[in-house]
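Please keep the sequence and the coordinates in view while reading.

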Amino acid sequence: QLVESGGGLVQPGGSLRLSCAASGFAFDLYAFAWFRQAPGKGREAISYISSGGAATLYTNSVKGRFTISKDNAKNTVYLEMNSLRPEDTAVYYCASGPEHVSDIAILTSRPQLYPYWGQGTQVTVSS
């Protein structure tokens with residue numbers, strides 16, 4: 001089970017930290033990713049972290065602004081989001097699976113690689 005938290009309303013340029021608490025599977029053996037889905041658009045993988053936390057990937061639109069991290073002691077994955085823009089407005093989902101990828105685009109095209117999904121948390125960036 002994955003449970004996201006930390007979403008909300010923030011002004012442009014602001015920051016938020018999303019959390020994804022996991023239970024019921026071998027957290028330290030699984031990779032994680034954050035996806036988002038904006039109104040009227042498809043679901044997009046925006047960040048990935050390997051099971052050990054050594055490898056991270058980001059889609060170009062969030063690179064340099066977002067940071068993914070994994071705390072194996074707390075069974076929690078985080079997404080630190082800075083310099084938020086109105087176009088970051090979306091529902092954000094945490095997902096997990098055993099597959100390790102080398103390109104974030106693989107997860108966008110094949111989200112079924114990750115069998116565990118959270119319920120999503122809304123992030124709205126607006127003044």
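## Terms and basis

A residue is called buried when its relative accessible area is under 20%, exposed when it is over 50%, and partly exposed in between, with a 1.4 Å probe and protein chains only. The model is predicted, so local features need pLDDT of at least 70 and side-chain atom pairs count only at pLDDT 80 or more, whereas totals for chains, interfaces and linings use all residues. Residues are numbered from 1 along each chain as its sequence is written, and side-chain values use heavy atoms, with hydrogens and water left out.

## Nonpolar cores

A nonpolar core is here a set of buried Ala, Val, Leu, Ile, Met, Phe, Trp, Tyr and Cys residues joined through side-chain atoms within 4.5 Å. The largest one has 27 residues, and the members that touch the most others are Phe32, Trp34, Phe66, Leu79, Met81 and Tyr92. Two or more residues each come from strand 3 (16–22), strand 4 (31–37), strand 5 (43–49), strand 7 (66–71), strand 8 (76–81), strand 9 (90–97) and strand 11 (121–125); strands are DSSP runs of E, at least two residues long, numbered from the N terminus. Strand 3 gives the most, with four residues.

In soluble globular proteins, nonpolar side chains tend to be buried together.

## The disulfide

The structure holds one disulfide, the term being used for a pair of cysteine sulfur atoms within 2.5 Å. Cys20 and Cys94 form this link, with an S to S distance of 2.1 Å. Because Cys20 lies in strand 3 and Cys94 in strand 9, the pair ties together parts that are 74 residues apart in sequence. The torsion about the S-S bond is about -75°, so the disulfide is left-handed. Cys20 is buried, at a relative accessible area of 0%, and for Cys94 the value is 0%, which means that Cys94 is buried.

## Strands 7 and 8

Strand 7 and strand 8 pair in the antiparallel sense over six bridges, where pairing requires that DSSP finds at least two bridges between the strands. Asp71 has Thr76 in strand 8 as its bridge partner, and in the hairpin, with four residues between the strands, Asn75 takes a positive phi near 50°. The covered face of strand 7 consists of Phe66, Ile68 and Lys70, while Thr67, Ser69 and Asp71 make up the uncovered one.

Tyr78 lies in strand 8 and is buried, with a relative accessible area of 13%. Its contacts (heavy atoms within 4.5 Å), not counting residues up to four places away in sequence, include Arg17, Leu18, Ser19, Trp34 and Ile68.

## The loop between strand 6 and strand 7

Arg65 sits in the loop between strand 6 (56–58) and strand 7 and counts as buried at 7% relative accessibility. A polar atom of the Arg65 side chain lies 2.9 Å from the backbone oxygen of Ser83. Apart from neighbours within four places in sequence, Arg65 is in contact with residues including Glu80, Met81, Asn82 and Asp88.

Val62 is placed in the loop between strand 6 and strand 7 and is buried, its relative accessible area being 0%. Val62 touches Arg36 and Ile46, not counting residues up to four places away in sequence. The C-alpha atoms of Val62 and Leu84, 22 residues apart along the chain, are separated by 9.2 Å.

Methods. A polar contact is a pair of N or O atoms within 3.5 Å; within protein, one must be able to donate a hydrogen and the other to accept it, and residues adjacent in sequence count only if both atoms are side-chain atoms.
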